[in-house]
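Please keep the sequence and the coordinates at hand while reading.

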Amino acid sequence: MSPSPTEMIDPPPSSSSSTPSPSPQPQCQQQQQQQRSNRRSRPTPYLIITNISKRQNIKNLLQISAAYGCHTIFVVGQKKFEFDPDGTSGGTKRTPMSTDVPPMLQNGVRNGRMKIVRFDKLEECVEYIKSLPCDHVDDDIDDDNDGENAGATPPTTVPTTNAKASTKATTRRTIPIIGVEIDNTALNLEQEPFTSSVAFMMGNEGSGMSSKQMEACDGFIRISQYGGGTASLNVSVAAGVVLHRYFHW
C-alpha cells in the first residue's frame, strides 16, 4: 500500500532508541518481479469448439473455459447447439431453441466478459485467429538475463507441422492453433511447450480430430496417461487438463 501524504512528511527528530524503518525494496528487484508477473499475465488461451457431438460436452467445455481464464471461445459449425444465452439465435420465433450456455455463464456472455464467436467454416475461424495479435514471452525472458534467470533456456515450443503456418511465422508472429491429439509429432503436456497465446482445438468424442482439423493445426500436444483403463479421456476432461496446465505455466 502506498504511504499516505501524512506518512511522507519527515518525522521530527527522535531518540536513538527508535527502531529504524525497513529499507525500500531495490528497484532492480521490483523490475524483475514485474517482468515475471508480465510473463504470467499476458499470453491468452483460446478454445475452438468444432466437431463435438454431445450437448453435455458443449456445456462442460464452456464452463471449463471460464474456470481457467479462457474468455473467448470460437465455435465452428455446431448448428444444433444454441450459444445465445437467451436462446434466440436458433429455432423459430414461436419455438426458440433452449440455450446450451450454462446458467452461471449466461450473464457473462451477455455483458461480454465471455465472448463466443461463431463461424460457418473452419477456414474462416483460422483466418480470424491468425489476424489477432499474439502475446509472446521470449522477449521478456531475454530482457531478464541480468536477473535470476540469466542464462536460462527459453521454453520449448510446440513444433510447427503446418507448412503455411511456418511461412507466415517468418514475417509476423501469429497465435498457434494447437490440437490436443495423440500424434507422432505431439509433445507431452508436462513439458509445458508454450511461449505465447494459444488457440486449443479438441477432437470429436469418438473419432478424434478430423483430417481437416489436423491440417489446420500448427502443432499438437498429448496428455500422458499412467494407467491402462482407457485409450483417451472425455473431451471436456482433456480440455480441463490442458487449460489448467496452461494457466499455471
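## Salt bridges

The side chains of K130 and D218 come together in a salt bridge, with 2.5 Å from N to O; the term stands for a side-chain nitrogen of Lys or Arg within 4 Å of a carboxyl oxygen of Asp or Glu. This pair links distant parts of the chain, since K130 sits in helix α5 and D218 in the loop between α8 and β7 (219–222), 88 residues apart. K130 is buried, with a relative accessible area of 8%, and D218 is buried as well, with a relative accessible area of 5%. Here buried means under 20% relative accessible area, exposed means over 50%, and partly exposed lies in between, with a 1.4 Å probe and protein chains only. Helices (H or I, at least four residues) and strands (E, at least two) are DSSP runs, numbered from the N terminus.

The model is predicted: local features need pLDDT of at least 70, side-chain atom pairs count only at pLDDT 80 or more, and totals for chains, interfaces and linings use all residues. Residues are numbered from 1 along each chain as its sequence is written, and side-chain values use heavy atoms, with hydrogens and water left out.

In general, side chains of opposite charge can pair when their charged atoms come close.

| Pair | Closest N and O atoms |
|---|---|
| R55 and D100 | 2.5 Å |
| K212 and E123 | 3.2 Å |

R55 forms its salt bridge with D100; because R55 lies in helix α3 (residues 55–67) and D100 in the loop between β2 (72–76) and α4 (103–110), the pair ties together parts that are 45 residues apart in sequence. R55 counts as partly exposed, at 38% relative accessibility, whereas D100 counts as buried, at 1%.

K212 and E123 are likewise joined by a salt bridge, and this pair links distant parts of the chain, with K212 in helix α8 and E123 in helix α5 (residues 122–131), 89 residues apart. Both partners are partly exposed: K212 has a relative accessible area of 44%, and E123 has one of 46%.

Leaving aside its neighbours within four places in sequence, Q213 is in contact (heavy atoms within 4.5 Å) with T50, N51, L122, M201, M202 and G208.

Helix α9 (residues 235–248) contains V237, and V242 lies in helix α9 too. V237 is partly exposed, with a relative accessible area of 43%, while V242 counts as buried at 1% relative accessibility. L233, V237 and V241 make a nonpolar surface patch of about 200 Å². Patches are made of residues with over 30% relative accessible area and no salt bridge, where like charges are joined within 9 Å and nonpolar side chains (Val, Leu, Ile, Met, Phe, Trp, Tyr) within 5 Å; accessible areas come from the Shrake-Rupley method with a 1.4 Å probe.

Leaving aside neighbours within four places in sequence, the contacts of V242 are with V180, L189, F200, I221 and I223. V242 and E190 are 52 residues apart in sequence, and their C-alpha atoms are 9.6 Å apart in space.

## Strands and their pairing

Strand β4 (residues 177–180) is covered on both faces, with I177 and G179 on one side and I178 and V180 on the other, all of them buried. β4 pairs in the parallel sense with strand β6 (residues 198–201) over three bridges, where two strands pair if DSSP finds at least two bridges between them. I178 stands opposite F200 in β6. β4 and β7 also pair in the parallel sense over three bridges, and G219 in β7 is the bridge partner of I178.

Five of the five residues of strand β1 (residues 45–49) are buried, so β1 is largely enclosed by the rest of the structure. From β1, P45, L47 and I49 point one way and Y46 and I48 the other way. β1 runs parallel to β6, joined by four bridges, and the bridge partner of P45 in β6 is V198. Three bridges join β1 to β2, which run parallel, and I49 stands opposite V75 in β2.
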